Amino acid sequence: MEHLDDLVAAYRILAQYGVIDAYGHVSIRSPSNPQRYVIARSLAPEVVQVDDLMEYDLDSNPLDARGRESVRERFIHGEIYKARPDVMAVVHNHSPSVIPFSVTGVPMRPIYHMASFIGDGVPNFEIRDVEKGTDLLVKTPKLGAALARTLGKSPASLMRGHGAVVVGENIARAVGRSVYLEQSAQLQMQAMALSDRITYLDDGEVKASVGVQDYKRAWPMWREKALERAKADRKHGQ
Ligand code: MN
């Protein structure tokens, strides 16, 4: 089951790069049924194995829970798959360097080629517009649907005071975009500290580089290393 190995690898890659901490998650749309998605049960991303993966319908009901605990913010995934037929993978993270952009109104801009997709627009989800006094978690279908509306056709959306959601038409792209969104946020803050005159990618450059940004060189290497770690963990009974 290659797609399940892809997902195990994605968890471990995102943990390795500090994009998801103990609480982030990544899902894939089921390759055999577009009305289903697969995501890990509630546990730390860097220890995820195939047995921890659970299947859900798009209303985010588990199909075969077998006593396994679901992540509370799974509605992010189900509602985005409903709204975006093109999306095959979703990452929700607490990517630390994007948080300052989510709370200041300073827009993320395409500062380098590895994250040129930012030039397609990265909106910011304000949960308060939907519901006041929340703990910021997207833990209902209503909040998930509102987040999906804010995301619109974009490759990613920030979530004010919380993190981000990143999507892709395959898992390599969703993971790659997540890694480079974090790095791009760091680079933009560094550039802004140096100068108020920054040369960002222009529209033509954004258009020219989005297509090639499939992270095809990184993904097989990331995946192989991550699955080696998963295998070693199983050997040591973790
Ligand atoms: Mn969260």
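Which strand or helix supplies the largest share of the lining of the second largest pocket? Strand β3 does, with 3 residues. Keep in mind as you explore that this is a predicted model.

| Pocket | Volume | Lining residues by class |
|---|---|---|
| Largest pocket | about 340 Å³ | 10 nonpolar, 6 polar and 4 charged residues |
| Second largest pocket | about 260 Å³ | 8 nonpolar, 3 polar and 4 charged residues |

The largest pocket is lined by 20 residues, and Tyr 23, His 25, Ser 42, Val 71 and Arg 72 are the closest to its centre. For the second largest pocket, with its 15 lining residues, the closest to the centre are Leu 4, Val 38, Leu 53, Met 54 and Glu 55. Both α1 (2–16) and β3 (53–57) give at least two residues to this second lining.

**The nonpolar core**

Now to the largest nonpolar core, which has 70 residues; Ile 80, Ile 171 and Leu 181 have the most contacts inside it. Helix α5 (residues 171–194) contributes the largest share of this core, 9 residues. If you select Ile 171 and set aside its neighbours within four places in sequence, you will find it in contact with Asp 6, Leu 7, Ala 10, Val 26, Ile 28, Ala 89 and Trp 219.

**A serine to look at**

Helix α6 (residues 203–210) holds Ser 209. Is Ser 209 buried or exposed? Its relative accessibility is 15%, and buried means under 20%, so Ser 209 counts as buried. The side chains of Ser 209 and Ser 116 are joined by a polar contact of 3.5 Å. Beyond its neighbours within four places in sequence, Ser 209 is in contact with Ser 116 and Leu 201.

How values were computed. Residues numbered from 1 in each chain as written. Predicted model: local features only at pLDDT ≥ 70, side-chain atom pairs only at ≥ 80, totals over all residues. Heavy atoms only, no water. Core = buried A, V, L, I, M, F, W, Y, C linked by side-chain atoms within 4.5 Å. Buried < 20%, exposed > 50% of the residue type's maximum accessible area, 1.4 Å probe, protein only. Helix = DSSP H or I, 4+ residues; strand = E, 2+ residues; numbered from the N terminus. Contact = heavy atoms within 4.5 Å. Polar contact = N/O pair within 3.5 Å; in protein donor to acceptor, adjacent residues only side chain to side chain. 1 Å grid on protein atoms, 1.4 Å probe; cavity = no way out; pocket = protein on both sides within 12 Å on 5 of 7 lines; lining within 4 Å. Points joined across faces, edges and corners; volume = space filled by probe spheres on them. Nonpolar A, V, L, I, M, F, W, Y, C, P; charged D, E, K, R; others polar.
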